[in-house]
Amino acid sequence: MDLTVVAYIAYLLIGVALTIWVARTLSRNGRIFLADVLHGNEKLADAVNHLLVVGFYLVNFGFVALYLSQDEAVSDARQLFEALSIKLGVVLLVLGVMHLANVYVLNKIRRRGVMEREQVPPVPPQGWTAAPARGPWAPPAQGAPGAPGAQA
């Protein structure tokens, strides 16, 4: 068997296995993060998580397939390992960039949700407050000694 074909097979097996492992890891650990971003809506978090995983698979499997071609023929074991290391290194970098992009976007969504929650008062307004009470902490009445604008 030609070593170029062996390189293709090894690259596809390792590239697909890495993509599946990363997608499952991100899906399992990202679900909690998504639930927080989506204000505890578990069903929506599961749906978004599944859609993200499908998109991740499509993009990364597409990249692995497009990056399969080899310009030079592989003639010995050394060239086989060099070709595999370059191709798998690029696949790993793309997987890492995809992961960072997902986390960045989700963090932006989460921050916006946190800011919206902080702007809403915890208790709805119930009416106007009464006139200020007179007591030791009340502001001095107009015209009282020591009040602003009072004549001495």
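**Salt bridges in a predicted model**

Hi everyone, let's start with Arg78, which pairs with Glu82 in a salt bridge whose closest N and O atoms are 3.1 Å apart. By salt bridge I mean a side-chain nitrogen of Lys or Arg within 4 Å of a carboxyl oxygen of Asp or Glu. About one helical turn separates Arg78 and Glu82, because they are 4 residues apart in helix H3 (residues 77–119). Helices here are DSSP runs of H or I with at least four residues, numbered from the N terminus.

A quick word on the ground rules. This is a predicted model, where local features need pLDDT of at least 70, side-chain atom pairs count only at pLDDT 80 or more, and totals for chains, interfaces and linings use all residues. Residues are numbered from 1 along each chain as its sequence is written, and side-chain values use heavy atoms, leaving out hydrogens and water.

Arg78 is exposed, at 61% relative accessible area, while Glu82 is partly exposed at 36%. The cut-offs are under 20% for buried and over 50% for exposed, with partly exposed in between (1.4 Å probe, protein chains only).

Arg31 forms one with Glu42, at 2.7 Å between the closest N and O atoms. That pair links distant parts of the chain: Arg31 sits in helix H1 (residues 3–37) and Glu42 in helix H2 (residues 42–66), 11 residues apart. Arg31 also meets Asp46, at 2.5 Å from N to O, and here the partners, in helices H1 and H2, are 15 residues apart.

Arg31 is partly exposed at 29%, as are Glu42 at 37% and Asp46 at 36%.

Definitions and conventions:
Helices (H or I, at least four residues) and strands (E, at least two) are DSSP runs, numbered from the N terminus.
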